[in-house]
Every structure is written in structure tokens, then in C-alpha cells.
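Student: I have a new model open and I'd like to learn how to read it. Could we go through some features one at a time?

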Amino acid sequence: MKAISEYIDEFLGEQDVNELSRGTYKRVVRQFLRWVVFSKLDFWKMKKYNIIQYKEYMLKAGKSLGTIDLYMTVVRKLFQWLEDRGLADNIAAGVRSPKKRNVFKKGYLKIEQVKKLLESIDRRTMVGKRDYAMISIMVRAGFRRVEVCRMVVDDIKNGEQATIMLQRKGHVEKDAEVGITDKMLEALHDYIICRGELVESDYLFVSHARGYKEAVLTPTMVSRIVKRRLKDIDLNSKFLTCHSLRHTAAILALKAGASIYDVQQMLGHVSIETTKIYLRAIEEETRINNMAVHTLDELF
């Protein structure tokens, strides 16, 4: 029998997922194996109750329900893979992830906060033009930070309807053409013109820091830029991040009257059920500031 590490490598190699997800799987499996070792368990002799113990360990450690759900999903896949090859029983079968409340917990900006954020950026500088253009398309169209990092100059199509070609999350090529508005296009053109002569394959958003000039922005760098801009207008909550701009675009669009289908297409969700989570944020606001309560209060 081979070492468990060899089987794990085979398991990871056979997962039909992108490299980012495969990296996540690898990290999750390593965490699980570390717990097995620290718990002084024999991997091949573990029972179902040990998997339940692992779930309880993560709950006591304060991991979020979403994280535990991810970890349990990977562990179940691992033991299913082992069972399919006759190596071990699937002791993880039937061990459920902890129940999550179907509520929206992420932070998002109100309309006035979005306006304040955009107005706070000094567009007279190269960095200001870049940050304004980048934040503008993220908050107006819900683009992910990784989608922003992948953009090149030629992705912008300025025809009868201006569009941007996107490589969506989990996709291997740029196969999504998304419409953009004049405001977004103007901000992009302002930044591009300021940068000077560019070729079609040049990355759209780059660093202008000394020593890193023209280096392509990474998702982490984009997150830091957005976080810094939020702090500049005194929005320093841990619940407000770069991804909050995407949430903001979805929620404000729904509140302004856009259909759930329109928002699904804007965000690039495969399933409309994923998009519906944003309705929970609106429902939460309605429960807190409920017109029915105020109406009754005026009656007696």
C-alpha cells in the first residue's frame, strides 16, 4: 500500500477543477491530515465518529460555517474517492455540514457612500485616474477583482454599445462580453490616455509605484487599493472589503428596480439561486426599517 501522501496527490490530480480550486483542496486536505496526526489517529482505521469530531473541532475553533462547509465537502469527496478505488470505506458519507442561515452577511455601501468614495479620488494624478476607473467598473458593474486584473486594453470594445470582454471566475478564456456605460468608458479612456501609447495586449490596470512601474496588479494589490480608498472616507469596517463593491453593485441595482435576472447576467452567476442571496440583504433592511410597523404606529 502506498503512503497516504501519494494517494492524496492522486486525488488532487483527478479533481476536475481549476488550479485555484485545486490549491484550495490541497490546503483543506493538509489541514485535515494535520488534525488526524495531532489527534493521534490512524488514518486508515478512522471511523465515522472521527469525522464528526473533526467537524466539532472546527466549530469550537470558531471557523465560519462557510469554511466548515467547504472543509467537509472536500473531506467527503476524499473518502468517496478512496472508496471508489477500494482503498477505504467512505466514513464521511452522511456527515452533514453545519446548517447555515440563509442570510446576507457581507458589507455593502449605501448610495451616498458610493458617491463619496468616487468623489474622494483625485483624478488629476495617474494613480487617481487608475483607481477611479477600476473602482468605477467594480461598483457599477460588479466585476470581481480577478476579472479586473486579467483585463487588457483590447478587451474594451467601443462600438454602438461599449463592452468589455471578461474571463469569468472558473473560466479558462475570455468568453463573456459585458456591456458598460458611458461613465465607465469615460473613466477607462481617461486613464488609458494618461498612460500614453499602449498596445492591445498591454494590461489595463498596472502599478505606478516606484520600483514596480507597469507591473500588472494582482488581486491582493487591488484589495489593498480599495481598502485604502475606503479608509480615506472613514469606512474602515472589517465587513467592507474589495468584494463589497461587487455586493454593492448587486444590491443597489436590485433596490433601484433591476430584475434578479438582469443582476444574474451582470454578475455572471451560473445559477440564479446564487444571485438571490442579495435579496436577503434587502429583506434584512425591510425587517429593520419596516413601513408596516411605522404605519400601525400612526394609527393609534
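This is a predicted model: local features need pLDDT of at least 70, side-chain atom pairs count only at pLDDT 80 or more; totals for chains, interfaces and linings use all residues.

Student: Which residues make the contact between H6 and H8?

Tutor: On the H6 side, they include Met 126, Tyr 132, Ala 133, Ile 137 and Arg 140. On the H8 side, Met 184, Ala 187, Leu 188, Tyr 191 and Cys 194 are among them. Sorted by kind, the residues of this contact are 10 nonpolar, six charged and one polar.

Student: H6 also packs with helix H9 (residues 219–232). What is the angle there?

Tutor: About 95°, with the axes of H6 and H9 11 Å apart. Anything from 65 to 115 degrees counts as roughly perpendicular, and therefore H6 and H9 get that label. H6 brings Val 127, Gly 128, Arg 130, Asp 131, Met 134, Ile 135 and Met 138 to this contact, while H9 brings Val 222, Ile 225, Val 226, Arg 228 and Arg 229. These residues split into seven nonpolar, four charged and one polar.

Student: Now for single residues. Is Thr 275 buried or exposed?

Tutor: Look at relative accessible area: under 20% means buried and over 50% means exposed. Thr 275 sits at 0%, so it counts as buried. You'll find Thr 275 in helix H12 (residues 272–275). Setting aside neighbours within four places in sequence, Thr 275 touches Ile 260, Val 263, Gln 264, Leu 267 and His 269.

Student: And what about Glu 186: buried or exposed?

Tutor: Glu 186, which belongs to helix H8, has a relative accessible area of 54%, so it is exposed.

Student: What should I look for in backbone angles?

Tutor: Most residues other than glycine have a negative phi. Lys 40 has a positive phi near 60°, and Asp 234 has a positive one near 65°.

Student: Where do Lys 40 and Asp 234 lie?

Tutor: Lys 40 is in the loop between helix H2 (19–38) and helix H3 (48–60), and Asp 234 is in the loop between H9 and helix H10 (244–255). Lys 40 is exposed at 78% relative accessible area, and Asp 234 is exposed too, at 66%.

Student: Let's zoom out. How many helices and strands does the protein have?

Tutor: There are 14 helices and three strands. Along the principal axes, the C-alpha atoms fill a box of roughly 70 × 65 × 35 Å. Of the 300 residues, 39% are buried. The accessible surface comes to about 17,700 Å², and carbon and sulfur atoms account for 52% of that.

Student: And how many of the contacts join residues at least 24 apart?

Tutor: Counting contacts between residues at least 6 apart in sequence, 54% do.

Conventions:
Residues are numbered from 1 along each chain as its sequence is written. Side-chain values use heavy atoms; hydrogens and water are left out. Contact means heavy atoms within 4.5 Å. Helices (H or I, at least four residues) and strands (E, at least two) are DSSP runs, numbered from the N terminus. Ala, Val, Leu, Ile, Met, Phe, Trp, Tyr, Cys and Pro count as nonpolar, Asp, Glu, Lys and Arg as charged, and the others, Gly among them, as polar. Buried means under 20% relative accessible area, exposed over 50%, partly exposed in between (1.4 Å probe, protein chains only). Accessible areas come from the Shrake-Rupley method with a 1.4 Å probe; for residues, only the protein chains shown count as cover. Axes are lines fitted to C-alpha atoms, for helices over the stretch in contact, and angles run from 0 to 180 degrees between N-to-C directions. Angles under 35 degrees count as roughly parallel, over 145 as roughly antiparallel, 65 to 115 as roughly perpendicular and the rest as oblique.
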